[in-house]
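Open the model in your viewer and keep the sequence panel beside it. The tour moves from one selection to the next.

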Amino acid sequence: MNDKEELLKDLYSEQKPQNLTFTKLLIAYFSVALILVIFIPKIYITNKIYYISRDVSELREELNLLLEENRELRTKLQQIRYKNQIIDNIN
């Protein structure tokens, strides 16, 4: 019976749960804080770049639309000037 008790004591002593010490807790908090300090600015900057690129894309679309409208207006103006010159020559 004595051998069984010794084996059980050895088994229970090996299975003792490890308690979280204060230094390990501080290391864990410091690690989480360091990760947050590194990744929060990166996420913020990435989001800013995304929204700015969306704005730039919208402005480019507007620019292309306005340039096309400008070409059409110049063409119409040129046609009107041509008609005006022909009419002036006839009179």
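Start with the accessibility scale: buried means under 20% relative accessible area, exposed over 50%, and partly exposed in between, with a 1.4 Å probe and protein chains only. This is a predicted model, where local features need pLDDT of at least 70, side-chain atom pairs count only at pLDDT 80 or more, and totals for chains, interfaces and linings use all residues. Residues are numbered from 1 along each chain as its sequence is written, and side-chain values use heavy atoms, with hydrogens and water left out.

**Whole chain.** Show the cartoon. There are two helices and zero strands. Helices (H or I, at least four residues) and strands (E, at least two) are DSSP runs, numbered from the N terminus. Now switch to the surface. Of the 91 residues, 0% count as buried. The chain exposes about 9500 Å², and carbon and sulfur atoms supply 62% of that area. Accessible areas come from the Shrake-Rupley method with a 1.4 Å probe; for residues, only the protein chains shown count as cover.

Select D3, E5, E6 and D10. They gather in a surface patch of negative charge. Patches take residues with over 30% relative accessible area and no salt bridge; like charges are joined within 9 Å, nonpolar side chains (Val, Leu, Ile, Met, Phe, Trp, Tyr) within 5 Å. Lys and Arg count as positive and Asp and Glu as negative; His and the chain ends are not counted. The place of a charge is NZ of Lys, CZ of Arg, CG of Asp or CD of Glu. E6 sits in helix α1, residues 2-14. E6 is partly exposed, at 43% relative accessibility.

**Nonpolar patch.** Next, select F30, L34, I35, I38, F39 and I43. Together they make a nonpolar surface patch of about 610 Å². F39 belongs to helix α2, residues 22-90. Its relative accessible area is 42%, so F39 is partly exposed.

**Aromatic pair.** How many aromatic pairs does a search of the whole structure find? It finds one. Select Y50 and Y51: the pair is edge-to-face, 5.2 Å centre to centre, with 65 degrees between the planes. Rings of Phe, Tyr and Trp (its six-membered ring) pair if their centres lie within 6.5 Å; planes under 30 degrees apart count as stacked, over 60 as edge-to-face and the rest as tilted. Y50 is partly exposed at 45%, and Y51 is partly exposed at 47%.

**Salt bridge.** Finish with R71 and E68. A salt bridge is a side-chain nitrogen of Lys or Arg within 4 Å of a carboxyl oxygen of Asp or Glu. The count is one. R71 bridges to E68, with the closest N and O atoms 2.6 Å apart. The two are three residues apart in helix α2, so about one helical turn separates them. E68 is partly exposed at 37%.
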